[in-house]
Amino acid sequence: MTLEPDITVFRPDRPGIRKVLGDLEAEVMELVWARPPRQGATVREIFETLYRKRRIAYTTVMTTMARLARKKLLQVERRGTAYVYYPTFSPEEFVSRVVGRILENLLVGFSGPVASLQTLDPRVAARVKQLRREIARRRRAEGDR
Amino acid sequence: MHALLGALTLLLSVVGGTLVLRCLRRQDQWPNRRELQVTVLAAPTVSLGLGIAGLHHFVGRTCFLGAPPWDYTLGLALPIVMGTVAIGGIAFGVIRQLTMQAVVASRGRPAPPPVQTLVERLAGRLRTAPPRVLLYPSDRPLAITYGMWRPTVLVSPWMLEHLDPQELESVIAHEVAHVARRDYLVVWLATVLRDAFIYLPTSWAAYRQLQHEKELASDDLAVQTTNRRLALASALARVYEQALTGPSLGPAPGLVEPERLIEGRIERLLATPPSPVGRSPSRRVAIGIAVPAVAALLASEAATVAALLTPMGCGPRLLLG
């Protein structure tokens, strides 16, 4: 399954990625993106850079990075005793995906409001499979119509 | 009395709107249904107009001098709040349209020539001008029509990669049907009117009906154009399946139980012949009921206000003169 950023807010009055992220979240992402992608970043490294600009608690940075991981913007790996965070998307990919999602939610398209259809209910998935089988059978019988 | 008048005009909008929506059960023509739904959405503008006209006597005339202060305050606040919400709704509609245009201008790419040709052929069959077609880079199923004066059909590469030629033709025919019906403009207007009167239940009910029925009407038109009923059902089922397993951005605003809507569309396409919309085959009977209902709603609003004001020396002549 494709990873998608879990974005639920859109503030048109804010600049850049702050339209969909909080100020601290955006700052953390900018610092993570500023590093080579495969190098990753620990909470301490981000904390030390941020702390030079303004007094901020280590736990605040840790909570923010954990939240960004839950939103699927960061991926976390254990390296020894430390957790290293990697960006899931490049800045360009992230903007592209967010714009795509906003676009889809601005207007109702061919399929109607599909953005809200995600479900884990196996009965719904089974029903779709059944519908697809029935359609395929009838299309074969009636000559691909 | 001021507050009562304001509340009464809103109540009449809701009651009249509900009656018109009920009359739609006897109406089986898509264009007529859409006209009446838009009328229900637009009817509260009469309440707003009366409320704003009523402000005139607060500043220039003296009426209801014996009214308690809370009535004066409420009577003043109601049209001002209604007007502010309406301006907000219009502004939001304009911002949404401009955002859409900016996003598409920066990221949309010309669609491949075979898709352009397909759109031109289908537009010719529907006797409408071919819309602009753009490819939007997204790994999700996407096919939408938007615009105000110049409609644009936007498709994602997912649709071109995952649908077979018959399914793709059906999807494009569905979008061109939206263009032929001018849904892009009507939906924009309906969304602005819904947001302008977002607090009225009839606005939501009419909007939901209009949004759902525009898809059914475009399905019908696409099937008439391509004669590919099953291919359209198949494309819908594919998109449905992808939407179920793909990522989600949270609930789409304003529409409930979308899985029932999309399943309903698939089942309707599989049914032979397609299910009728309403019960009565008579267009004249339905129009004969619904149009007077709307006219009576608007007339009763104006008459109620005039009848209540006149005995108190605040009749229309004083208000307007």
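**Close-up 1. The place of E267(B) in helix α11 of chain B.** In this predicted model, E267(B) belongs to helix α11, which covers residues 258-270 of chain B. E267(B) counts as partly exposed, because 13 C-beta neighbours lie inside 10 Å of this residue, and a residue would need 20 or more to be called buried. P44(B), which is 223 residues away from E267(B) in sequence, lies 36 Å from E267(B) in space when the two are compared C-alpha to C-alpha.

**Close-up 2. R127(B) in the loop between α5 and β2 of chain B.** The loop that holds R127(B) runs between α5 (113-125) and β2 (132-135) of chain B. Although R127(B) is not a glycine, its phi is positive, at about 55°. R127(B) counts as exposed because it has 7 C-beta neighbours inside 10 Å.

**Close-up 3. N227(B) in the loop between α9 and α10 of chain B.** N227(B) is placed in the loop that lies between α9 (201-226) and α10 (229-245) of chain B. N227(B), a residue other than glycine, has a positive phi near 60°. With 11 C-beta neighbours inside 10 Å, N227(B) is therefore counted as exposed.

**Close-up 4. The largest nonpolar core, with V176(B) and L236(B).** This core has 45 residues, and V176(B) and L236(B) are those with the most contacts inside it. At least two residues of the core come from each of several elements, namely α5 (122-142) of chain A and, in chain B, α5, β3 (143-146), β4 (152-155), α7 (165-180), α9, α10 and α11. The element that gives the most to this core is α10(B), with 11 residues.

**Close-up 5. The crossing of α7(B) and α9(B).** Two packed helices are described by the angle between their axes and by the distance between the axes. The axes of α7(B) and α9(B) come within 8 Å of each other and cross at roughly 120°, which means that α7(B) is oblique to α9(B). The crossing of these two helices, α7(B) and α9(B), is right-handed. On the side of α7(B), the contact is made by E169(B), S170(B), A173(B), H174(B), A177(B), H178(B) and A180(B), while α9(B) takes part through S218(B), D219(B), L221(B), A222(B), T225(B) and T226(B). Sorted by class, the contact of α7(B) with α9(B) has five nonpolar, six polar and two charged residues.

Note on methods. Residues are numbered from 1 along each chain as its sequence is written. Chains are lettered from A and ligands numbered from 1 in the order in which they are written. This is a predicted model: local features need pLDDT of at least 70, side-chain atom pairs count only at pLDDT 80 or more; totals for chains, interfaces and linings use all residues. Helices (H or I, at least four residues) and strands (E, at least two) are DSSP runs, numbered from the N terminus. A residue is buried if 20 or more other C-beta atoms lie within 10 Å of its own, exposed if 12 or fewer, and partly exposed in between; C-beta atoms are placed from the backbone. A nonpolar core is a set of buried Ala, Val, Leu, Ile, Met, Phe, Trp, Tyr and Cys residues joined through C-beta atoms within 7 Å. Axes are lines fitted to C-alpha atoms, for helices over the stretch in contact, and angles run from 0 to 180 degrees between N-to-C directions. Angles under 35 degrees count as roughly parallel, over 145 as roughly antiparallel, 65 to 115 as roughly perpendicular and the rest as oblique. A crossing is left-handed if the near helix is turned anticlockwise from the far one by less than a right angle, and right-handed if clockwise. Two residues are in contact if their C-beta atoms, placed from the backbone, lie within 7 Å. Ala, Val, Leu, Ile, Met, Phe, Trp, Tyr, Cys and Pro count as nonpolar, Asp, Glu, Lys and Arg as charged, and the others, Gly among them, as polar.
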